[in-house]
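Here is a short report on ring pairs, helix packing and salt bridges. The sequence and structure come before the details.

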Amino acid sequence: MPTRTLVLLAHPHLDRSRINSALADAVRDLDDVTVHDLYAAYPDQVLDIAAEQRLVREHDVIVFQFPFHWYSIPGFLKQWLDEVMLRDFAYDNGPLLAGKTLQLVTSTGGVEEAYRPGGFHGFTVTELLRPLEQTARRTGLAYNEPLVLHDARGTSDEELALHAKRYRELLAGF
């Protein structure tokens, strides 16, 4: 049975996003990949919890694709976590999502050098994403190394195309 991948795309203004739009477009046509734009699916930001849990159950790899804002995920993706990943669905009585994988795909506005000890932001992106790593651990999800594109505004078209290709290859490899 093929590996099914769910991309939870969480960008509040995807129509104005050069990076996240290009990344989503790069994987949309892959077999067994479902790109689920949360903001488009729920413009009122009222989630259908049963439908979202069904999507998680039906997929082997869960990808959070989002712009890195204020050292975290967009608010609606946090709401998704709070409302979908509930006790007895995602945790308690054992790691209920064991056998599935969490993959983070994000972009930053800052350059990579700014995300290090002593750098402008003081921490690496990996360190700043630790709460999501722990969420994976708590729910039994395997946690893959995040795929990060730094300097979103300064990324050339060629660099973006290469990053989109890496993203596509990553998802195709699951």
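## Aromatic pairs

The model is predicted. A search of the whole structure turns up four aromatic pairs. In one of them, Tyr39 and Phe76, the ring centres lie 5.2 Å apart and the planes meet at 65 degrees. An angle over 60 degrees counts as edge-to-face, so this pair is edge-to-face. Tyr39 belongs to helix α2 (residues 38–41) and Phe76 to helix α4 (residues 75–84). The pair therefore ties together parts that are 37 residues apart in sequence. Tyr39 and Phe76 are both buried. Ring pairs also link Tyr39, Tyr42 and Phe76 into a cluster.

Phe64 and Trp80 form another aromatic pair. Their centres are 5.9 Å apart, with 80 degrees between the planes, and the pair is edge-to-face. Phe64 sits in strand β3 (residues 61–67) and Trp80 in helix α4, so this pair ties together parts that are 16 residues apart in sequence. Phe64 is buried, and Trp80 is buried too.

## Helix α4 and its neighbours

Which residues of α4 are buried? They are Phe76, Leu77, Gln79, Trp80, Leu81 and Val84. The buried residues of α4 pack against β1 (5–9), α2, α3 (49–58), β3 and α6 (130–139).

The packing of α3 on α4 has an angle of about 90 degrees, with the axes 10 Å apart. That angle makes α3 roughly perpendicular to α4. From α3, the contact uses Ile49, Glu52, Gln53 and Val56. From α4, it uses Trp80, Glu83 and Val84. By type, the residues of this contact are four nonpolar, one polar and two charged.

## Salt bridges within and around α4

The structure holds nine salt bridges. One of them joins the side chains of Lys78 and Asp82, at 2.5 Å from N to O. Both residues lie in helix α4, four residues apart, about one turn of the helix. In general, an α-helix has 3.6 residues a turn, so residues three or four places apart point the same way. Lys78 is partly exposed, at 41% relative accessibility. Asp82 is partly exposed as well, at 45%.

Arg87 and Asp92 also form a salt bridge, with the closest N and O atoms 2.6 Å apart. Is Arg87 exposed or buried? Arg87 counts as exposed, with 52% relative accessibility. Asp92 is partly exposed, with a relative accessible area of 23%. Salt bridges with shared partners join Arg87, Asp92 and Arg138 into one network.

Arg18 lies in helix α1 (residues 18–27) and Asp157 in helix α7 (residues 157–172). The two residues are 139 residues apart, and the pair links distant parts of the chain.

Arg18 is partly exposed, with a relative accessible area of 36%. Asp157 has a relative accessible area of 55%. The cut-off for exposed is over 50%, so Asp157 is exposed.

Terms used:
Residues are numbered from 1 along each chain as its sequence is written. This is a predicted model: local features need pLDDT of at least 70, side-chain atom pairs count only at pLDDT 80 or more; totals for chains, interfaces and linings use all residues. Side-chain values use heavy atoms; hydrogens and water are left out. Rings of Phe, Tyr and Trp (its six-membered ring) pair if their centres lie within 6.5 Å; planes under 30 degrees apart count as stacked, over 60 as edge-to-face and the rest as tilted. Buried means under 20% relative accessible area, exposed over 50%, partly exposed in between (1.4 Å probe, protein chains only). Contact means heavy atoms within 4.5 Å. Axes are lines fitted to C-alpha atoms, for helices over the stretch in contact, and angles run from 0 to 180 degrees between N-to-C directions. Angles under 35 degrees count as roughly parallel, over 145 as roughly antiparallel, 65 to 115 as roughly perpendicular and the rest as oblique. Ala, Val, Leu, Ile, Met, Phe, Trp, Tyr, Cys and Pro count as nonpolar, Asp, Glu, Lys and Arg as charged, and the others, Gly among them, as polar. A salt bridge is a side-chain nitrogen of Lys or Arg within 4 Å of a carboxyl oxygen of Asp or Glu.
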